[in-house]
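Hello,

Here is the structure we talked about. Please have a look at it first; my notes follow below.

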Amino acid sequence: MTINQIKFPIYMTCIILAFIGACVFIYKYLMNKKIKKKDILLYVSMIVPFGLLGSLIVCYIIDKNMGLSSYIGCFVLILTSIFYEKVNPSKNLEYVRCTMLSMPLLYGISKLGCFFAGCCYGLPYNGLFSVTYSSGLNIPLFPIQLLESLVFIGLFIGLLFINKKHSKNIISITIIVCAFAKFALDFLRYDHLTKVITTNQIISLMLLFIVIVNMIRKKLLNK
Amino acid sequence: MKCSKCGYEINEGDKFCRECGQVVESTTPEKEVKEKTKKVEEPKEEVKEEVKTEVTTVTNKPEEKRIVSSMANDTFFCLCSIICYIACPLLTGLFAYLATKSDVFSLFARIPMILPFVAYALAIYAKVKYPESKFAKILLIIYIVLFVLGIILMIIAVIACAIFLRDCLEGCQGLGSIISLLFG
(Lines give C-alpha, C1' and ligand atoms only; values in the text may rest on other atoms or scores of the structure.)
Protein backbone atom coordinates (compact mmCIF):
# COMPACT_ATOMS: atom_id res chain seq x y z
CA MET A 1 0.00 0.00 0.00
CA THR A 2 1.39 3.38 -0.97
CA ILE A 3 0.70 6.50 1.08
CA ASN A 4 2.36 9.74 -0.05
CA GLN A 5 4.67 7.74 -2.34
CA ILE A 6 5.91 5.70 0.65
CA LYS A 7 5.16 1.99 0.59
CA PHE A 8 3.47 1.07 3.84
CA PRO A 9 3.95 -2.49 5.12
CA ILE A 10 0.20 -3.19 5.47
CA TYR A 11 0.68 -6.96 5.27
CA MET A 12 3.03 -7.02 8.26
CA THR A 13 0.76 -4.60 10.14
CA CYS A 14 -2.25 -6.86 9.63
CA ILE A 15 -0.27 -9.94 10.72
CA ILE A 16 0.89 -8.14 13.88
CA LEU A 17 -2.67 -6.91 14.57
CA ALA A 18 -3.94 -10.47 14.08
CA PHE A 19 -1.49 -11.80 16.67
CA ILE A 20 -2.30 -8.95 19.08
CA GLY A 21 -6.01 -9.75 18.71
CA ALA A 22 -5.41 -13.46 19.31
CA CYS A 23 -3.21 -12.76 22.36
CA VAL A 24 -5.82 -10.40 23.86
CA PHE A 25 -8.55 -13.00 23.34
CA ILE A 26 -6.41 -15.80 24.85
CA TYR A 27 -5.53 -13.60 27.85
CA LYS A 28 -9.19 -12.72 28.54
CA TYR A 29 -10.39 -16.29 28.02
CA LEU A 30 -7.83 -17.75 30.42
CA MET A 31 -8.47 -15.00 33.01
CA ASN A 32 -12.17 -15.98 32.92
CA LYS A 33 -11.15 -19.59 33.56
CA LYS A 34 -9.30 -18.35 36.68
CA ILE A 35 -5.85 -19.41 35.56
CA LYS A 36 -2.93 -17.63 37.24
CA LYS A 37 -1.81 -14.43 35.55
CA LYS A 38 1.86 -15.55 35.55
CA ASP A 39 0.98 -18.74 33.66
CA ILE A 40 -1.13 -16.82 31.15
CA LEU A 41 1.61 -14.25 30.48
CA LEU A 42 4.17 -17.04 30.06
CA TYR A 43 1.90 -18.77 27.55
CA VAL A 44 1.16 -15.55 25.63
CA SER A 45 4.93 -14.88 25.50
CA MET A 46 5.26 -18.16 23.60
CA ILE A 47 2.40 -17.52 21.14
CA VAL A 48 3.96 -14.58 19.29
CA PRO A 49 7.50 -15.89 18.66
CA PHE A 50 6.41 -19.47 18.04
CA GLY A 51 3.39 -18.54 15.94
CA LEU A 52 4.94 -15.80 13.85
CA LEU A 53 8.63 -16.62 13.62
CA GLY A 54 8.12 -20.35 13.99
CA SER A 55 5.84 -20.54 10.97
CA LEU A 56 8.23 -18.33 8.96
CA ILE A 57 11.18 -20.58 9.80
CA VAL A 58 9.25 -23.81 9.06
CA CYS A 59 8.12 -22.36 5.70
CA TYR A 60 11.73 -21.46 4.96
CA ILE A 61 12.95 -24.95 5.87
CA ILE A 62 10.29 -26.70 3.76
CA ASP A 63 10.05 -24.30 0.85
CA LYS A 64 13.32 -22.30 0.88
CA ASN A 65 11.01 -19.31 0.55
CA MET A 66 10.24 -17.19 3.58
CA GLY A 67 6.52 -16.54 3.64
CA LEU A 68 3.54 -17.32 5.84
CA SER A 69 1.33 -20.33 5.33
CA SER A 70 -1.97 -20.59 7.20
CA TYR A 71 -1.81 -24.32 7.92
CA ILE A 72 1.85 -24.29 8.96
CA GLY A 73 1.12 -21.41 11.35
CA CYS A 74 -1.91 -23.28 12.66
CA PHE A 75 0.08 -26.48 13.30
CA VAL A 76 2.92 -24.59 15.00
CA LEU A 77 0.46 -22.83 17.33
CA ILE A 78 -1.34 -26.09 18.17
CA LEU A 79 1.98 -27.80 18.93
CA THR A 80 2.92 -24.84 21.15
CA SER A 81 -0.38 -25.11 23.06
CA ILE A 82 0.02 -28.91 23.47
CA PHE A 83 3.60 -28.45 24.71
CA TYR A 84 2.52 -25.85 27.27
CA GLU A 85 -0.43 -28.02 28.33
CA LYS A 86 1.97 -30.91 29.00
CA VAL A 87 4.38 -28.70 30.95
CA ASN A 88 1.74 -26.75 32.91
CA PRO A 89 -1.52 -28.75 32.76
CA SER A 90 -4.87 -27.00 33.17
CA LYS A 91 -8.39 -28.33 33.74
CA ASN A 92 -10.15 -29.32 30.49
CA LEU A 93 -7.18 -28.43 28.23
CA GLU A 94 -7.90 -24.70 28.46
CA TYR A 95 -4.70 -23.63 26.67
CA VAL A 96 -5.48 -25.82 23.67
CA ARG A 97 -9.13 -24.73 23.64
CA CYS A 98 -8.40 -21.00 23.65
CA THR A 99 -5.70 -21.40 20.98
CA MET A 100 -8.11 -23.32 18.73
CA LEU A 101 -10.82 -20.71 19.27
CA SER A 102 -8.42 -17.88 18.40
CA MET A 103 -7.41 -19.46 15.05
CA PRO A 104 -10.35 -18.14 12.99
CA LEU A 105 -9.81 -14.63 14.39
CA LEU A 106 -6.09 -14.79 13.57
CA TYR A 107 -6.77 -16.04 10.06
CA GLY A 108 -9.58 -13.54 9.44
CA ILE A 109 -7.53 -10.47 10.37
CA SER A 110 -4.41 -11.66 8.53
CA LYS A 111 -6.47 -12.19 5.35
CA LEU A 112 -7.10 -8.44 5.33
CA GLY A 113 -3.33 -8.05 4.99
CA CYS A 114 -3.41 -10.39 2.00
CA PHE A 115 -6.19 -8.28 0.46
CA PHE A 116 -4.19 -5.06 0.76
CA ALA A 117 -0.89 -6.69 -0.25
CA GLY A 118 -2.42 -8.32 -3.33
CA CYS A 119 -1.60 -11.96 -2.65
CA CYS A 120 -3.82 -15.08 -2.34
CA TYR A 121 -6.17 -13.46 -4.88
CA GLY A 122 -9.35 -14.90 -6.36
CA LEU A 123 -10.69 -15.99 -9.75
CA PRO A 124 -11.10 -13.48 -12.62
CA TYR A 125 -14.37 -11.65 -11.95
CA ASN A 126 -16.03 -8.56 -13.42
CA GLY A 127 -18.95 -8.14 -11.01
CA LEU A 128 -19.59 -6.20 -7.81
CA PHE A 129 -16.64 -5.58 -5.44
CA SER A 130 -14.08 -6.86 -7.98
CA VAL A 131 -10.48 -5.82 -7.29
CA THR A 132 -7.69 -5.01 -9.75
CA TYR A 133 -4.07 -5.16 -8.58
CA SER A 134 -2.07 -2.85 -10.84
CA SER A 135 1.27 -4.29 -9.65
CA GLY A 136 0.06 -7.88 -10.20
CA LEU A 137 -2.20 -9.44 -12.84
CA ASN A 138 -3.91 -6.12 -13.70
CA ILE A 139 -7.30 -7.81 -14.30
CA PRO A 140 -10.45 -7.62 -12.19
CA LEU A 141 -10.45 -10.41 -9.60
CA PHE A 142 -12.89 -11.78 -7.04
CA PRO A 143 -12.13 -10.35 -3.53
CA ILE A 144 -11.74 -13.81 -1.99
CA GLN A 145 -9.48 -12.44 0.78
CA LEU A 146 -12.29 -10.13 1.99
CA LEU A 147 -14.81 -12.96 1.85
CA GLU A 148 -12.48 -15.30 3.79
CA SER A 149 -11.88 -12.57 6.34
CA LEU A 150 -15.62 -12.01 6.87
CA VAL A 151 -16.41 -15.73 6.99
CA PHE A 152 -13.69 -16.57 9.50
CA ILE A 153 -14.38 -13.61 11.79
CA GLY A 154 -18.04 -14.65 11.69
CA LEU A 155 -17.02 -18.23 12.53
CA PHE A 156 -14.98 -16.94 15.46
CA ILE A 157 -18.03 -15.12 16.89
CA GLY A 158 -20.24 -18.17 16.25
CA LEU A 159 -17.77 -20.53 17.92
CA LEU A 160 -17.70 -18.31 21.02
CA PHE A 161 -21.46 -18.83 21.37
CA ILE A 162 -21.17 -22.57 20.69
CA ASN A 163 -18.40 -22.81 23.31
CA LYS A 164 -20.85 -21.68 26.00
CA LYS A 165 -23.17 -24.63 25.27
CA HIS A 166 -20.88 -27.38 23.91
CA SER A 167 -17.53 -26.61 25.45
CA LYS A 168 -16.58 -30.32 25.66
CA ASN A 169 -16.38 -30.79 21.89
CA ILE A 170 -15.32 -27.27 20.94
CA ILE A 171 -11.89 -28.34 19.66
CA SER A 172 -13.39 -30.86 17.22
CA ILE A 173 -16.17 -28.45 16.20
CA THR A 174 -13.64 -25.66 15.51
CA ILE A 175 -11.47 -27.91 13.36
CA ILE A 176 -14.47 -29.24 11.39
CA VAL A 177 -16.01 -25.83 10.79
CA CYS A 178 -12.76 -24.06 9.84
CA ALA A 179 -11.46 -26.89 7.67
CA PHE A 180 -14.78 -27.07 5.81
CA ALA A 181 -14.87 -23.29 5.30
CA LYS A 182 -11.27 -23.28 4.02
CA PHE A 183 -12.00 -26.19 1.67
CA ALA A 184 -15.10 -24.50 0.26
CA LEU A 185 -13.62 -21.01 -0.12
CA ASP A 186 -10.48 -22.35 -1.81
CA PHE A 187 -12.55 -23.06 -4.94
CA LEU A 188 -12.78 -19.29 -5.52
CA ARG A 189 -8.99 -18.83 -5.59
CA TYR A 190 -6.96 -18.12 -8.70
CA ASP A 191 -4.99 -21.40 -8.22
CA HIS A 192 -8.12 -23.33 -9.22
CA LEU A 193 -7.77 -22.23 -12.82
CA THR A 194 -4.82 -24.65 -13.18
CA LYS A 195 -5.52 -27.20 -10.40
CA VAL A 196 -8.47 -29.48 -9.61
CA ILE A 197 -7.62 -29.60 -5.91
CA THR A 198 -5.04 -27.52 -4.04
CA THR A 199 -2.68 -28.48 -1.21
CA ASN A 200 -4.77 -26.48 1.29
CA GLN A 201 -7.88 -28.45 0.27
CA ILE A 202 -6.08 -31.78 0.66
CA ILE A 203 -4.96 -30.78 4.17
CA SER A 204 -8.54 -29.62 4.98
CA LEU A 205 -9.97 -32.96 3.83
CA MET A 206 -7.41 -34.90 5.88
CA LEU A 207 -8.22 -32.86 8.98
CA LEU A 208 -11.98 -33.36 8.49
CA PHE A 209 -11.49 -37.10 8.05
CA ILE A 210 -9.27 -37.45 11.15
CA VAL A 211 -11.55 -35.40 13.41
CA ILE A 212 -14.80 -37.04 12.25
CA VAL A 213 -13.33 -40.55 12.63
CA ASN A 214 -12.07 -39.60 16.11
CA MET A 215 -15.52 -38.31 17.14
CA ILE A 216 -17.23 -41.50 15.88
CA ARG A 217 -14.66 -43.65 17.67
CA LYS A 218 -15.24 -41.78 20.97
CA LYS A 219 -19.04 -42.19 20.66
CA LEU A 220 -18.69 -45.93 20.01
CA LEU A 221 -16.30 -46.31 22.96
CA ASN A 222 -18.73 -44.41 25.24
CA LYS A 223 -21.57 -46.75 24.21
CA MET B 1 -25.54 -35.55 101.33
CA LYS B 2 -28.94 -34.12 100.40
CA CYS B 3 -30.98 -34.36 97.19
CA SER B 4 -30.79 -31.19 95.10
CA LYS B 5 -34.53 -31.39 94.27
CA CYS B 6 -36.38 -32.42 97.43
CA GLY B 7 -33.70 -32.18 100.10
CA TYR B 8 -34.05 -35.83 101.17
CA GLU B 9 -30.99 -37.38 102.81
CA ILE B 10 -29.00 -39.49 100.27
CA ASN B 11 -26.41 -42.10 101.21
CA GLU B 12 -22.98 -42.05 99.60
CA GLY B 13 -22.86 -44.27 96.53
CA ASP B 14 -26.62 -43.82 95.73
CA LYS B 15 -27.27 -42.87 92.11
CA PHE B 16 -30.91 -41.81 92.56
CA CYS B 17 -32.85 -40.04 95.32
CA ARG B 18 -35.15 -42.58 97.06
CA GLU B 19 -37.77 -39.93 97.63
CA CYS B 20 -38.19 -38.16 94.23
CA GLY B 21 -36.01 -40.19 91.85
CA GLN B 22 -33.67 -37.29 90.96
CA VAL B 23 -30.36 -38.43 89.53
CA VAL B 24 -27.53 -37.87 91.92
CA GLU B 25 -24.53 -36.03 90.37
CA SER B 26 -21.55 -38.20 91.22
CA THR B 27 -18.99 -35.49 90.58
CA THR B 28 -16.13 -36.64 92.66
CA PRO B 29 -15.20 -39.86 90.84
CA GLU B 30 -15.70 -38.29 87.36
CA LYS B 31 -13.69 -35.28 88.32
CA GLU B 32 -10.91 -37.50 89.46
CA VAL B 33 -11.13 -39.48 86.21
CA LYS B 34 -10.99 -36.26 84.16
CA GLU B 35 -8.03 -34.97 86.09
CA LYS B 36 -6.26 -38.27 85.66
CA THR B 37 -6.97 -38.31 81.93
CA LYS B 38 -5.70 -34.72 81.68
CA LYS B 39 -2.52 -35.71 83.40
CA VAL B 40 -2.22 -38.72 81.12
CA GLU B 41 -2.88 -36.58 78.03
CA GLU B 42 -0.28 -33.97 78.89
CA PRO B 43 2.62 -36.36 78.79
CA LYS B 44 1.26 -37.75 75.52
CA GLU B 45 1.32 -34.27 74.00
CA GLU B 46 4.87 -33.78 75.24
CA VAL B 47 5.80 -37.09 73.68
CA LYS B 48 4.14 -36.06 70.43
CA GLU B 49 6.08 -32.82 70.36
CA GLU B 50 9.30 -34.68 70.96
CA VAL B 51 8.44 -37.11 68.20
CA LYS B 52 7.62 -34.24 65.87
CA THR B 53 10.91 -32.53 66.50
CA GLU B 54 12.71 -35.81 65.91
CA VAL B 55 10.77 -36.39 62.70
CA THR B 56 11.49 -32.88 61.39
CA THR B 57 15.16 -33.20 62.12
CA VAL B 58 15.25 -36.57 60.37
CA THR B 59 13.30 -35.41 57.26
CA ASN B 60 15.13 -32.09 56.83
CA LYS B 61 18.01 -33.96 55.31
CA PRO B 62 15.97 -35.58 52.50
CA GLU B 63 14.27 -32.19 51.88
CA GLU B 64 17.66 -30.55 51.56
CA LYS B 65 18.65 -33.24 49.12
CA ARG B 66 15.46 -32.62 47.13
CA ILE B 67 16.12 -28.85 47.02
CA VAL B 68 19.68 -29.40 45.86
CA SER B 69 18.62 -31.90 43.18
CA SER B 70 15.87 -29.56 41.89
CA MET B 71 18.41 -26.72 41.61
CA ALA B 72 20.67 -29.03 39.65
CA ASN B 73 17.75 -29.98 37.34
CA ASP B 74 16.73 -26.41 36.53
CA THR B 75 20.37 -25.44 35.96
CA PHE B 76 20.63 -28.40 33.59
CA PHE B 77 17.62 -27.27 31.54
CA CYS B 78 18.79 -23.64 31.50
CA LEU B 79 22.27 -24.65 30.35
CA CYS B 80 20.77 -26.83 27.60
CA SER B 81 18.69 -23.84 26.56
CA ILE B 82 21.75 -21.58 26.32
CA ILE B 83 23.65 -24.24 24.37
CA CYS B 84 20.78 -24.54 21.87
CA TYR B 85 20.63 -20.76 21.45
CA ILE B 86 24.37 -20.42 20.87
CA ALA B 87 24.49 -23.50 18.64
CA CYS B 88 22.03 -22.01 16.11
CA PRO B 89 24.31 -19.40 14.48
CA LEU B 90 27.36 -21.68 14.85
CA LEU B 91 25.70 -24.64 13.13
CA THR B 92 24.03 -22.44 10.50
CA GLY B 93 27.41 -20.89 9.67
CA LEU B 94 29.14 -24.28 9.65
CA PHE B 95 26.57 -25.88 7.33
CA ALA B 96 26.53 -22.79 5.10
CA TYR B 97 30.32 -23.08 4.74
CA LEU B 98 30.09 -26.84 4.10
CA ALA B 99 27.30 -26.18 1.55
CA THR B 100 29.81 -24.24 -0.55
CA LYS B 101 31.88 -27.45 -0.70
CA SER B 102 28.99 -29.88 -1.25
CA ASP B 103 25.28 -29.36 -2.10
CA VAL B 104 24.23 -32.07 0.41
CA PHE B 105 24.85 -29.68 3.30
CA SER B 106 22.60 -26.97 1.87
CA LEU B 107 19.56 -28.92 3.18
CA PHE B 108 21.01 -29.11 6.70
CA ALA B 109 21.89 -25.39 6.76
CA ARG B 110 18.25 -24.44 7.41
CA ILE B 111 17.46 -26.94 10.20
CA PRO B 112 19.48 -25.22 13.01
CA MET B 113 17.12 -22.23 12.70
CA ILE B 114 14.67 -24.19 14.88
CA LEU B 115 17.18 -24.22 17.78
CA PRO B 116 16.28 -20.76 19.26
CA PHE B 117 12.69 -22.00 19.64
CA VAL B 118 13.92 -25.18 21.34
CA ALA B 119 16.02 -22.95 23.63
CA TYR B 120 12.98 -20.83 24.51
CA ALA B 121 10.83 -23.94 25.09
CA LEU B 122 13.47 -25.36 27.48
CA ALA B 123 13.60 -22.07 29.41
CA ILE B 124 9.79 -22.06 29.72
CA TYR B 125 9.88 -25.70 30.89
CA ALA B 126 12.50 -24.86 33.55
CA LYS B 127 10.49 -21.82 34.73
CA VAL B 128 7.22 -23.76 35.01
CA LYS B 129 8.67 -26.89 36.66
CA TYR B 130 10.95 -24.94 39.03
CA PRO B 131 9.11 -21.66 39.75
CA GLU B 132 11.67 -20.59 42.37
CA SER B 133 14.55 -20.83 39.91
CA LYS B 134 16.20 -17.45 39.37
CA PHE B 135 18.33 -18.79 36.53
CA ALA B 136 15.24 -19.74 34.50
CA LYS B 137 13.58 -16.40 35.26
CA ILE B 138 16.60 -14.37 34.14
CA LEU B 139 17.06 -16.51 31.04
CA LEU B 140 13.42 -16.00 30.03
CA ILE B 141 13.73 -12.24 30.51
CA ILE B 142 16.84 -12.20 28.32
CA TYR B 143 15.10 -14.17 25.55
CA ILE B 144 12.04 -11.91 25.63
CA VAL B 145 14.22 -8.77 25.55
CA LEU B 146 16.21 -10.18 22.60
CA PHE B 147 13.00 -11.00 20.75
CA VAL B 148 11.50 -7.55 21.35
CA LEU B 149 14.78 -5.88 20.29
CA GLY B 150 14.77 -7.99 17.14
CA ILE B 151 11.22 -6.87 16.30
CA ILE B 152 12.11 -3.21 16.95
CA LEU B 153 15.21 -3.47 14.73
CA MET B 154 13.13 -5.09 11.99
CA ILE B 155 10.52 -2.31 12.16
CA ILE B 156 13.26 0.34 12.03
CA ALA B 157 14.81 -1.43 9.02
CA VAL B 158 11.43 -1.60 7.27
CA ILE B 159 10.73 2.09 7.87
CA ALA B 160 14.25 3.08 6.76
CA CYS B 161 13.89 0.87 3.70
CA ALA B 162 10.50 2.35 2.84
CA ILE B 163 11.72 5.95 3.24
CA PHE B 164 15.11 5.69 1.53
CA LEU B 165 14.74 2.85 -0.98
CA ARG B 166 10.92 3.11 -1.51
CA ASP B 167 10.64 -0.21 -3.29
CA CYS B 168 11.84 -2.94 -0.96
CA LEU B 169 8.35 -4.06 0.06
CA GLU B 170 6.25 -5.83 -2.55
CA GLY B 171 3.45 -8.36 -2.59
CA CYS B 172 2.59 -11.10 -0.16
CA GLN B 173 6.25 -11.95 0.37
CA GLY B 174 6.84 -8.51 1.86
CA LEU B 175 7.69 -9.85 5.27
CA GLY B 176 9.88 -12.57 3.82
CA SER B 177 11.76 -10.14 1.66
CA ILE B 178 12.40 -7.91 4.68
CA ILE B 179 13.85 -10.78 6.61
CA SER B 180 15.93 -11.98 3.69
CA LEU B 181 17.16 -8.40 3.32
CA LEU B 182 18.21 -8.36 6.97
CA PHE B 183 19.76 -11.79 7.11
CA GLY B 184 21.11 -12.03 3.58
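Predicted model: local features only at pLDDT ≥ 70, side-chain atom pairs only at ≥ 80, totals over all residues.

**Helix packing in chain A**

α4(A) and α6(A) are roughly parallel to each other, because the angle between them falls under 35 degrees. The angle in question is about 20°. The two axes lie 9 Å apart. Helix α4 of chain A covers residues 94–117, and helix α6 of chain A covers residues 170–185. Their crossing is left-handed. On the α4(A) side, the contact is made by A:V96, A:R97, A:M100, A:L101, A:P104 and A:Y107. On the α6(A) side, A:I170, A:I171, A:T174, A:I175, A:C178 and A:K182 take part.

**Chain B as a whole**

Chain B has five helices and zero strands. Along the sequence the pattern reads α-α-α-α-α. The chain has 184 residues, and 25% of them count as buried. Its accessible surface comes to about 13,400 Å². Carbon and sulfur atoms account for 65% of that surface. Take the contacts in chain B between residues at least 6 apart in sequence: 43% of these join residues at least 24 apart.

**Helix α3 of chain B**

This helix runs over residues 115–129, which makes 15 residues. From first C-alpha to last, α3 of chain B reaches 21 Å, close to the 21 Å expected at 1.5 Å a residue. Its buried residues include B:L115, B:F117, B:A119, B:Y120, B:A121 and B:A123. B:I124, B:A126, B:K127 and B:V128 are also among the buried residues of α3(B).

**Two residues to look at**

Start with B:S81. It is found in helix α1 of chain B, residues 27–101. Is B:S81 buried or exposed? B:S81 is buried, because its relative accessible area is 0% and the cut-off is under 20%. What is B:S81 in contact with, leaving aside its neighbours within four places in sequence? The partners are B:A119, B:Y120, B:L122, B:A123, B:L139 and B:Y143. Of these, B:A119, B:Y120 and B:A123 are among the buried residues of α3(B).

Then go to B:Y125, in helix α3 of chain B. B:Y125 is partly exposed, with a relative accessible area of 25%. Leaving aside neighbours within four places in sequence, B:Y125 is in contact with A:F83, A:V87 and B:F77. Those partners include residues of chain A as well as chain B. B:Y125 and B:D74 are 51 residues apart along the chain. Their C-alpha atoms are separated by 8.9 Å.

Best wishes

How values were computed. Residues numbered from 1 in each chain as written. Chains lettered and ligands numbered in written order. Heavy atoms only, no water. Helix = DSSP H or I, 4+ residues; strand = E, 2+ residues; numbered from the N terminus. Buried < 20%, exposed > 50% of the residue type's maximum accessible area, 1.4 Å probe, protein only. Contact = heavy atoms within 4.5 Å. Areas by Shrake-Rupley, 256 points an atom, 1.4 Å probe, with all protein chains shown as cover. Expected span 1.5 Å × (residues − 1). Axes fitted to C-alpha atoms, helices over the stretch in contact; angles between N-to-C directions. Parallel < 35°, antiparallel > 145°, perpendicular 65-115°, else oblique. Left-handed = near helix turned anticlockwise from the far one by under 90°.
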